[in-house]
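Q: I have a structure open and have not looked at it before. Can you walk me through it?

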Amino acid sequence: MEKSDDHHKTSNGVSGGTATEKWEDGSTGIRTAETMLRLAPVGLCIAALVIMLQDSQDNEFGSISYSNLSAFRYLVHANGICAGYSLLSAAISAMPGSSSTMPRVWTFFCLDQILTYVVLAAGAVSTEVLYLAYKGDDAITWSDACSSFGSFCHRATASVIITFVVVCFYVVLSLISSYKLFTRFDPPAIADSNKNVEVAAFGS
C-alpha cells in the first residue's frame with residue numbers, strides 16, 4: 001500500500017511539473033496580451049467618464065445635467081473604479097512571476113468577474129434611461145426628452161457606447177483569468193478513506 005501511495009504521489013508530482021512547464025513556456029505571450037488588454041480600458045473608461053461629466057445642456061426648455069439622473073451618476077462612478085483597477089492590475093500583470101501564486105490568481109479572477117458585472121450593470125441601466133429619454137413612455141404620459149435636449153442625449157449615448165466597449169474587454173479578461181486559474185492549478189483533492197488514496201474533487 002505504501003508503494004502504491006508513493007507511486008501515486010510521484011505521478012502527481014510529474015504531471016504537476018509538466019503542467020507548470022507548459023504554463024511557463026507560454027506565460028510571456030499571455031502576460032503581454034493580458035497587460036495590453038488591461039491597459040486599453042483605462043483610456044476608454046476615462047473617455048466615458050469625462051464625456052458624461054461634461055454632459056449638460058441649457059436651452060429655452062430648461063436645463064439638464066447627468067447629475068440629475070442616478071443611472072448616469074452610477075455610470076461615472078463605475079467607469080472611475082474600472083479605470084483605477086485596470087491601471088493597477090495592468091501594472092501587476094506586467095511583472096514577471098505575477099501569476100505564480102494561487103492567492104494572486106484567485107484575486108484577479110474574482111475582481112475581473114466583479115468589475116465585468118459592475119460595468120455591465122452601469123451600461124444596462126443607462127441604456128434603459130436613454131431609451132426612455134428617446135422614446136418616452138405613453139403609459140405614464142412621459143414624453144421624450146431628447147427632442148428638446150438632443151445634445152445631452154447624444155453625449156450620453158456616446159458615453160454608454162464606450163462603456164459597453166469596456167464590457168467587451170472585461171469579458172475577454174475574465175476568460176483569460178479563468179484560463180490562468182484552471183490551467184495553472186490542479187483542482188483540490190479529497191482523501192478516500194476506504195482506498196487510502198487521494199482523488200480529484202472534480203470529475204467522475
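Q: What kind of model is it, and how are residues numbered?
A: This is a predicted model, in which local features need pLDDT of at least 70, side-chain atom pairs count only at pLDDT 80 or more, and totals for chains, interfaces and linings use all residues. Residues are numbered from 1 along each chain as its sequence is written, and side-chain values use heavy atoms, with hydrogens and water left out.

Q: What is the mean pLDDT?
A: The mean is 78, and 72% of the residues reach 70 or more. pLDDT is the predictor's confidence in each residue, from 0 to 100.

Q: Ok, layout. How many helices and strands?
A: Four helices and four strands. From the N terminus on, the order is α-β-β-α-α-α-β-β. Helices (H or I, at least four residues) and strands (E, at least two) are DSSP runs, numbered from the N terminus.

Q: What share of the residues is buried?
A: Of the 204 residues, 34% count as buried. Buried means under 20% relative accessible area, exposed means over 50%, and partly exposed is in between (1.4 Å probe, protein chains only).

Q: Salt bridges next. How many are there?
A: Three. The rule is a side-chain nitrogen of Lys or Arg within 4 Å of a carboxyl oxygen of Asp or Glu.

Q: Which residues does Arg38 pair with?
A: One partner is Glu34, at 2.9 Å from N to O. Arg38 and Glu34 are four residues apart in helix α1, so about one helical turn separates them. Arg38 also forms a salt bridge with Asp112, with the closest N and O atoms 2.6 Å apart. Arg38 lies in helix α1 and Asp112 in helix α3, so this pair ties together parts that are 74 residues apart in sequence.

Q: What about the remaining bridge, the one with Asp55?
A: The side chains of Asp55 and Arg155 meet at 3.2 Å, N to O. Asp55 lies in the loop between α1 and β1 (56-59) and Arg155 in helix α4, so the pair ties together parts that are 100 residues apart in sequence. Asp55 counts as buried because its relative accessibility is 0%, whereas Arg155 is partly exposed at 27%. Salt bridges that share partners join Glu34, Arg38 and Asp112 into one network.

Q: Back to α3. What is its span?
A: Helix α3 (residues 102-135) has 34 residues, which at 1.5 Å a residue should span 50 Å; its end C-alpha atoms are 49 Å apart, which agrees. The expected span is 1.5 Å times one less than the number of residues. Among the buried residues of α3 are Phe108, Phe109, Asp112 and Leu115. Just after α3, Gly136 takes a positive phi of about 75°.

Q: What does Ser178 touch?
A: Ser178 is in contact with Phe109 and Gln113, leaving aside neighbours within four places in sequence. Ser178 lies in helix α4 (residues 150-184) and counts as buried at 18% relative accessibility.

Q: And where is Phe149?
A: Phe149 is in the loop between α3 and α4, and is buried with a relative accessible area of 10%. Residues touched by Phe149, not counting those up to four places away in sequence, include Gln57, Asn59 and Phe61. Phe149 and Gln57 are 92 residues apart in sequence and 6.9 Å apart in space, C-alpha to C-alpha.

Terms used:
Contact = heavy atoms within 4.5 Å.
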